[in-house]
Amino acid sequence: MAEETLEPGLYLVATPLGTLSDLSPRAREVFSRALFWAAESSTSAGRWMQILDPPNRPRVLSYREASREKDAEKILAKLREGASVALFSDAGTPTISDPGWHLVDLVRQAELPVWSIPGPCAAITALTLAGFPTRRFVFEGFLPASGKLRREALERLQKEEAPVVLYESPHRLLDTLEDLGKFPEPRPLYIGRELTKKFEESWRGDTTLAAEVWRDKRIQGEFTLVLGPKAPQESSNGEVPQESLDLIRSLNLPTKTASAVLKHFFPGASKKELYALLSDRS
């Protein structure tokens, strides 16, 4: 007996990065009960159809970057008719570094329901393995392959203080590592290869060493990089501009308060030395 179908709407289904048992029970349910699946490749759709063998045998719709406008219209038409559609990527969470976001935007504009079925995501998996502070982080995804856009992206990364998550393909990994190694200030770097899969590998080191180390390693599979946080700028009292000292003194604040204000703008300076500097009126 066929299972009852889902409520109408678009379901964003996260699928495993490599280990099939990471598919959540809720994702299995959605796959089993959806009227349609929307996949970026017929191969991944066929694989899940074989693994799950859903009783309703949903029809498979295509949703690819190259044809996303045309594909989206077909999916929207099904949603308007009251169908349930399960959108998934080849691996991980749809809309993260794939064209799913565009479909979600169109569905939202049409005021049709969207649900997320959370699960694996390479970016979050790598962040948890890197050991960097994650109160704030930046997801950059794939860097542009070359030219001005790549140079601008790398310049932006140099200035970014929070950890940055990058995706990279095997044939461009060494180029990216060499570019990161040219940053004026070395940064800690985590590299995850084939996360959650049989040949999973993790490496953490320094941007100045990464290209040399990975040149001798097996460069196959999918890579997720986490560029560590930028080191805080160290400053001594001698680096506090004289104009700043003159300005804070002109406010006639208590020395302790004045040193605290300067410490806010020059975090690398010592509180004790700032206090001594402001106490010296010579």
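Modeller: Two strands pair if DSSP finds at least two bridges between them. Strands (E, at least two residues) and helices (H or I, at least four) are DSSP runs, numbered from the N terminus. This is a predicted model, in which local features need pLDDT of at least 70 and side-chain atom pairs count only at pLDDT 80 or more, while totals for chains, interfaces and linings use all residues. Residues are numbered from 1 along each chain as its sequence is written, and side-chain values use heavy atoms, leaving out hydrogens and water.

Biologist: How do you know that strand 7 and strand 10 pair?

Modeller: There are 5 bridges between strand 7 and strand 10; the definition asks for at least two, so the two strands count as paired. Their sense is antiparallel, and leucine 166 has leucine 225 of strand 10 as its bridge partner. Strand 8 also pairs with strand 10 in the antiparallel sense, over 5 bridges, with leucine 189 opposite leucine 227.

Biologist: What makes strand 6 and strand 9 stand at the edges?

Modeller: The open sheet has 5 strands in the order 6-7-10-8-9, with mixed pairing. Strand 6 (138-142) and strand 9 (201-206) each have a single partner strand, so one side of each has no neighbour in the sheet. The partner joined to strand 9 by 6 bridges is strand 8 (188-193), and these two run antiparallel. Within that pair, isoleucine 191 is bridged to tryptophan 203.

Biologist: Which helix packs on the sheet, touching strand 8, strand 9 and strand 10?

Modeller: Helix 8 (207-214) does, and its direction makes about 135 degrees with that of strand 9. Touching is contact, that is, heavy atoms within 4.5 Å; axes are lines fitted to C-alpha atoms, for helices over the stretch in contact, with angles from 0 to 180 degrees between N-to-C directions.

Biologist: What is the volume of the largest pocket?

Modeller: The volume of the largest pocket is about 490 Å³. On a 1 Å grid over the protein atoms alone, a pocket is an open set of points with protein on both sides within 12 Å along at least five of seven lines, whereas in a cavity a 1.4 Å probe fits but cannot get out; lining residues have an atom within 4 Å of a point. Points are joined across faces, edges and corners, and a volume is the space filled by probe spheres set on them. Among the 21 lining residues of this pocket, Leu17, Ala91, Ala122, Tyr167 and Glu222 are the closest to its centre. Strand 7 and strand 10 each give two or more residues to this lining.

Biologist: How many cavities of 30 Å³ or more does a search of the whole structure find?

Modeller: The search finds 2, and the largest cavity holds about 50 Å³ of space. Its lining includes Tyr63, Phe88 and Pro94, and strand 2 (36-39) and strand 4 (84-88) each supply at least two lining residues.
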